[in-house]
Amino acid sequence: MTHAFFSPIFFLTAAGILASCGGPQDDPVATLNDPVEGIWKLTDETPPLRITPCGSTRADGFCGYYLVGDSDKIDWMNPDLFEWGQSLQTTQIVRSLRETDKKGTYTGTYYSPSMGEYLLVQLTLRANETADAKIYFGPMKDEAIDMAISAALAPVSMTNLTWYLTRATLGKELLHHDQKWVRLSGGKQ
């Protein structure tokens, strides 16, 4: 009786497994190929931004990091304690960018290193390899949850409540900054 280890079927199966492991594997993150993916120039003052999937599915949204820049520039303004003091090259500038019901329009969060603020962004892709970006102060979900918990424990400051409600109702229309983003490379052709 031959051992299963020495059987031809074992060797063929093992060779097939090893061959499938040895070659390059498709990374699901890199294969979404959405029109928003690519390298974008936001302004003359900022380095280009690479927008890629945050995870392996469209539900994870898209994230953006500065492609190049001065590695000595430190993000001293970041309100997130775990990201404070990091190099701006490693700071996530765009988060959770997802396409809306309107094709070619995306919404997400934009971090402004100069202000140390997380803002909302609405990005509308154009046919000429540009995008209209509306960056604005808006209501953040985390802030609403924090405010609700605080209200349960103590009275909420009228100043904080007024500022939140103003941003929730008028932020997109009155408190926005428009930018024209230009695609440098990438994206679905």
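Two strands count as paired here if DSSP finds at least two bridges between them. Keep that in mind as we walk through this predicted model, starting with one such pair.

Strand S3 covers residues 62-66 and strand S4 covers residues 92-99, and the two pair in the antiparallel sense over three bridges. For tyrosine 65, the bridge partner in S4 is glutamine 92.

Now move to the other neighbour of S4. Strand S5, residues 105-112, runs antiparallel to S4, and four bridges join them. Here arginine 95 has threonine 109 in S5 as its bridge partner. S4 and S5 make up a hairpin, with five residues between them. In that turn sits glycine 104, whose phi is positive, at about 85°.

Eight strands close into a barrel, and the order is S1-S2-S3-S4-S5-S6-S7-S8, with antiparallel pairing. From one strand to the next, the twist averages 30°.

Four salt bridges turn up in a search of the whole structure. One of them brings us back to arginine 95, which forms a salt bridge with glutamate 83, where the closest N and O atoms are 2.6 Å apart. Arginine 95 belongs to strand S4 while glutamate 83 belongs to the loop between S3 and S4, so this contact ties together parts that are twelve residues apart in sequence. Is glutamate 83 buried or exposed? Its relative accessibility is 16%, and because buried means under 20%, glutamate 83 counts as buried.

Another group of charges is found elsewhere in the chain. Lysine 180 and aspartate 132 meet through their side chains in a salt bridge of 2.8 Å, N to O. This pair links distant parts of the chain, with lysine 180 in strand S8 (residues 176-185) and aspartate 132 in strand S7 (residues 130-136), 48 residues apart. Aspartate 132 also meets the side chain of arginine 126 in a salt bridge, again given as 2.8 Å from N to O. Together, Arg126, Asp132 and Lys180 are linked in a network of salt bridges.

How accessible are the members of this network? Arginine 126 is partly exposed, at 42% relative accessible area. Aspartate 132 is partly exposed too, at 24%, and lysine 180 counts as partly exposed at 46%.

Note on methods:
Residues are numbered from 1 along each chain as its sequence is written. This is a predicted model: local features need pLDDT of at least 70, side-chain atom pairs count only at pLDDT 80 or more; totals for chains, interfaces and linings use all residues. Side-chain values use heavy atoms; hydrogens and water are left out. Axes are lines fitted to C-alpha atoms, for helices over the stretch in contact, and angles run from 0 to 180 degrees between N-to-C directions. Buried means under 20% relative accessible area, exposed over 50%, partly exposed in between (1.4 Å probe, protein chains only).
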